[in-house]
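Colleague: I would like to learn how to read a few features of this model with you. Could we take them in turn, with the general idea set out before each case?

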Amino acid sequence: MSKPNVAVIGAGLGGLSAAIHLRLAGHSVTVFEKNPLCGGRANRISDNGYHFDTGPSLLNYPWVFEELFAAAGRKMSDYMELIPVDPSVEFRWANGTTLHLSSDMKTLLAECERVSPGSSPGMTAFFADAAEKYRISFDKLVLQNEDNPLKWFIGLSLGEMLRTGVWRSLDKELARFFSSRYIREAFGSYAMYLGGSPFELPGVFSILPYGELAYGLWLPKNGIYGLVEAVEKLAREIGVEIHNNAPVQMIRQEAGKVTGVLLESGAFFPVPIVVSNVDVPVTDRKLLQKPTPANPGMTPGVLTFYWGVRGNVDAVGHHTIFLPDDFKGAFDDLTKNKRIPESLPFYVAVASTSDPSLAPPGDASLFVLVPTPVLSDLGEDFDWPAAVAKIRKTVLDRIGLNPQRIAVEHVWTPVEWARRFGLHDGSAFGAAHTLFQVGPFRSKNYAPETTGMYYTGASTTPGTGMPMVVLSGRLTAERIAMHYPG
Ligand SMILES: Cc1cc2nc3c(=O)[nH]c(=O)nc-3n(C[C@H](O)[C@H](O)[C@H](O)COP(=O)(O)OP(=O)(O)OC[C@H]3O[C@@H](n4cnc5c(N)ncnc54)[C@H](O)[C@@H]3O)c2cc1C
């Protein structure tokens, strides 16, 4: 019996992963993407020889992508080259302290001792603990389509349950190993990768810095967009049909069943199964017009600058996170006080340091990410031009870059992010990852009340980040296989 046809709305990495797994399972799959390029948030700006990755810049957990290619009987290395970035991320505080991470344990321990004498035994103990958390998370929690919290936890022994540390904040978890303010803040700032605060996210997320150090940090040749192109190529090769510039207006339903997708062009594409890669609240409100749409707490927004700079930028390496002296105050401002912190944390990537082809010879491509509250918290009257001008000056001053050297500039506020990719409330990373929004508590990857309706990507399980949305695509395909066996 042939498998039912599937329409996937959105060609982000989550949508492409779902499409690949569904095609491999024997479905005929058609992807409708509103933008001219695939990749969603992992998009590309090219301007006068400068190439910028729009969103993600840190690629970790390479095994997740290798598994995607292996599922199709392919080798990822035949599609893309991964460049190791080591030493990886540098942290800089306003008081001049720096900490440079490395996946080389000897180098890392020496750096910890330099910054905080006596801290290396804590780092060794942290590694042992986080390795176990990582194993428990991936073996027993992350890769499950489980809706029942009890069943989700039941596979864990008491020891494993205690080890997860889900009831402690990430900051408190880190305090068990590090008295050094600097190591704790550096590792705590990985909460930003999930769009959260180390004072709110559960301690199990210590697997973020661990995962990066244990499995390395990578840059695909040609930037993160090199990864998107490789995944898109794989999808097309195995027979996924992808339509770009094809925004979907709504998902049609009849008697509790999906009947197809209506494109903004007016064309109707009948299918019994729809997978939406669009943020869950936007899918529910706009595409399904649900009377009581899902309303999860969202991660913050981002203001991003893309600067093509004449000449080298030696003052900053590939990945630098600038932390304020008032670390907690900055996170409180973002998540509790709902304002852009005066004392600003921000991240700068100079990807052309690792791959010079991303800028004209001798020049540099810079990406700056500044977290902001979501749009509804800032209010409709928020003065973006004034905020952009102020933040631009703060960043340029702190990295010591003369604005006269900027040859090419693009700026995306959360308003622009929302407009381009349909992001709910301008949230950059999708639904938040607080204790009651992970695992079975997170928005499910299917709509129990609508036969044939599925979700994939950052706002559903398991969560945000490129590796997680690729796993999300696999979980959605597995969910469909459970509902449509044979
Ligand atoms: C600034 C920034 C920095 C980040 N940094 C990192 C990082 O360093 N490392 C990391 O791993 N992750 C990072 N992330 C997170 C990561 O980018 C996301 O979790 C991931 O890319 C989301 O993929 P997705 O497939 O869920 O959604 P998306 O990428 O948002 O894809 C959804 C797709 O749906 C399309 N769409 C929307 N509405 C419609 C419609 N009506 N019809 C048709 N198509 C539609 C959109 O155009 C888009 O292509 C970052 C995110 C941002 C914003």
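Colleague: In which helix is Pro467 found?

Modeller: Before the case, a word on conventions: this is a predicted model, in which local features need pLDDT of at least 70 and side-chain atom pairs count only at pLDDT 80 or more, while totals for chains, interfaces and linings use all residues. Residues are numbered from 1 along each chain as its sequence is written. Helices (H or I, at least four residues) and strands (E, at least two) are DSSP runs, numbered from the N terminus, and Pro467 is found in helix H16.

Colleague: Is Pro467 buried or exposed?

Modeller: A residue is buried if 20 or more other C-beta atoms lie within 10 Å of its own, exposed if 12 or fewer, and partly exposed in between, with the C-beta atoms placed from the backbone. Pro467 has 23 C-beta neighbours inside 10 Å and therefore counts as buried.

Colleague: With which residues is Pro467 in contact, leaving aside its neighbours within four places in sequence?

Modeller: Two residues are in contact if their C-beta atoms, placed from the backbone, lie within 7 Å. On that basis Pro467 is in contact with Asn60, Tyr61 and Val64, and the C-alpha atoms of Pro467 and Pro62 are separated by 7.8 Å although these residues are 405 apart along the chain.

Colleague: At what angle do helix H2 and helix H16 pack?

Modeller: Axes are lines fitted to C-alpha atoms, for helices over the stretch in contact, and angles run from 0 to 180 degrees between N-to-C directions. Helix H2 (residues 62–71) and helix H16 (residues 466–483) pack at an angle of about 30°, with their axes 9 Å apart. Angles under 35 degrees count as roughly parallel, over 145 as roughly antiparallel, 65 to 115 as roughly perpendicular and the rest as oblique, so H2 is roughly parallel to H16. The contact is made by Val64, Phe65 and Leu68 of H2 together with Pro467, Val470 and Leu471 of H16.

Colleague: Which residue classes make up the contact of H2 with H16?

Modeller: Ala, Val, Leu, Ile, Met, Phe, Trp, Tyr, Cys and Pro count as nonpolar, Asp, Glu, Lys and Arg as charged, and the others, Gly among them, as polar. The contact of H2 with H16 has six nonpolar, no polar and no charged residues.

Colleague: And at what angle do helix H4 and helix H9 pack?

Modeller: Helix H4 (residues 120–141) and helix H9 (residues 207–215) have their axes 9 Å apart and pack at an angle of about 100°, which means that H4 is roughly perpendicular to H9. The residues of the contact of H4 with H9 divide into seven nonpolar, two polar and one charged.

Colleague: Turning to the backbone, which residue does a cis peptide bond join to Pro87?

Modeller: Most residues other than glycine have a negative phi, and most peptide bonds are trans. Here a cis peptide bond joins Asp86 and Pro87, with omega about -5°, and Pro87 is placed in the loop between strand S5 (82–84) and strand S6 (89–93). The peptide bond from Thr461 to Pro462 is also cis, with omega near 0°, and Pro462 lies in the loop between strand S19 (453–455) and H16.

Colleague: What is the phi of Ala255, and where does Ala255 lie?

Modeller: Ala255 has a positive phi of about 50° although it is not a glycine, and its place is in the loop between strand S10 (248–254) and strand S11 (257–263). Ala255 is exposed, with 6 other C-beta atoms within 10 Å.
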